[in-house]
Amino acid sequence: ATLKHTKFENKTASGYKWSALTCVKHNSRHIVCKMQGRQVLSKAILNDVVPRVVMSVISFASFLLPSGMAMPRVATTMIALLTFVNKGSSVASKMPSDGLSIVEEFYIAGVVVMLVNLLGHIVVFRYPQKMVSVCVNELQLGATSLSFVLFLAARLHSRSCEQTYEATIAIMVTSSIMLVLSISRTLWKNRASLKIMSESFAHPLSSFRDQVKESDSSPANREQSAVKVEVIGCQHEGRAAASSSESAAPAEGVSPRRPTSSHQAVAFSI
C-alpha cells in the first residue's frame with residue numbers, strides 16, 4: 001500500500017523546495033517514507049555565496065596595500081575572517097546534521113584561506129625587504145586564490161551533479177593552467193630576489209658554523225682544555241691522598257708530632 005501526503009508539496013522551507021511525502025507499506029512492521037527537497041539556488045547564492053565572495057575579494061585586496069600599512073592589512077583580513085566564522089556558523093545551523101554540503105565546505109575552505117592570508121601578512125612584516133614583500137604579495141594574489149577556486153571546483157565535481165558536471169571540469173582545467181603559469185611567472189620574475197634571499201638566509205648559518213669550528217680548533221682553546229684536564233687530575237690526586245691519610249689515622253692514645261720539614265717522616269710518641 002502507498003500513501004501520499006501532499007500538504008508540503010511545492011512548499012519552500014529552510015531554503016529548499018519540498019516534494020510530497022510518500023509512504024510505502026511493505027508489511028505490518030516495515031513502512032518506508034520519502035520526501036525530496038531541492039535547494040533554491042537563488043536564495044542560497046544571494047544569502048550565502050555572495051557575502052563569501054565579497055569577503056574573499058576584500059581579504060585578497062589587502063595585499064595590494066603598501067607593505068608599510070600593517071594595521072589596515074591585518075584589520076581587513078581579521079574582519080573577513082570573523083565574518084566567515086559567524087556566517088559559516090549560521091549557515092551550518094540550517095543544514096542537515098549528516099554530511100557536509102558544498103556551502104559548508106565553501107565556508108570551511110574560506111576560513112583556511114583567511115588564515116593563509118594572515119600568515120602571508122606576518123611574513124611580509126617579519127621580512128620588510130621589498131623583494132620579500134613583492135614575492136609574497138604576488139604568490140598570495142595568484143597561487144592562493146587560484147588554489148581556492150580549484151579546490152571548490154574539485155569538491156563540486158566529486159558530487160557528480162548533472163547540472164554542473166561539465167562546468168566544473170572547465171573550471172578545474174582553467175584554474176590549474178592559470179595556477180601553474182602564475183607560480184612560474186612569480187618565481188621567474190623574482191628569481192634574482194629569491195637567490196639573494198636564499199644567500200642571506202644561508203650566510204648566518206655558515207658564518208656561525210665557521211666560528212664554532214675556529215673556536216674549537218684555536219690553540220687557546222686547546223691549552224685551556226689541557227689546563228682543565230690537568231686541574232681535574234690534580235683534584236682527583238688530592239682526593240685520593242686525603243682518603244689514604246684518613247685511612248692511616250693514629251690509634252687511640254697516640255699523639256702525633258708535627259714533622260720539621262715536608263720530607264721528614266711522621267714520628268709518634270707514646
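Reader: Why is Asn 137 called buried?

Author: In this predicted model, Asn 137 has a relative accessible area of 11%. Buried means under 20%, so Asn 137 is called buried.

Reader: Where does Asn 137 lie, and with which residues is Asn 137 in contact, leaving aside its neighbours within four places in sequence?

Author: Asn 137 lies in helix H4, residues 130–158. With those neighbours set aside, its contacts are Phe 63, Ser 67, Arg 73 and Val 124.

Reader: What makes Cys 23 and Cys 33 a disulfide?

Author: The S to S distance is 2.2 Å. The cut-off is a pair of cysteine sulfur atoms within 2.5 Å, so Cys 23 and Cys 33 are joined by a disulfide. A search of the whole structure finds 1 disulfide.

Reader: Which parts does the pair tie together?

Author: Cys 23 lies in strand E4 and Cys 33 in strand E5, so the pair ties together parts that are 10 residues apart in sequence.

Reader: Why is the disulfide of Cys 23 and Cys 33 called right-handed?

Author: The torsion about its S-S bond is about 110 degrees, so the disulfide is right-handed.

Reader: How do you know whether Cys 23 is buried or exposed?

Author: Its relative accessible area is 15%. That value falls under 20%, so Cys 23 is buried. Cys 33, at 43% relative accessibility, counts as partly exposed, because that class lies between 20% and 50%.

Reader: What makes strands E1 and E5 edges of the sheet?

Author: The open sheet has the order E1-E4-E5, with antiparallel pairing. E1 (2–5) and E5 (30–34) each have a single partner strand, so one side of each is left without a neighbour in the sheet.

Note on methods
Residues numbered from 1 in each chain as written. Predicted model: local features only at pLDDT ≥ 70, side-chain atom pairs only at ≥ 80, totals over all residues. Heavy atoms only, no water. Pairing = 2+ DSSP bridges. Helix = DSSP H or I, 4+ residues; strand = E, 2+ residues; numbered from the N terminus. Buried < 20%, exposed > 50% of the residue type's maximum accessible area, 1.4 Å probe, protein only. Contact = heavy atoms within 4.5 Å.
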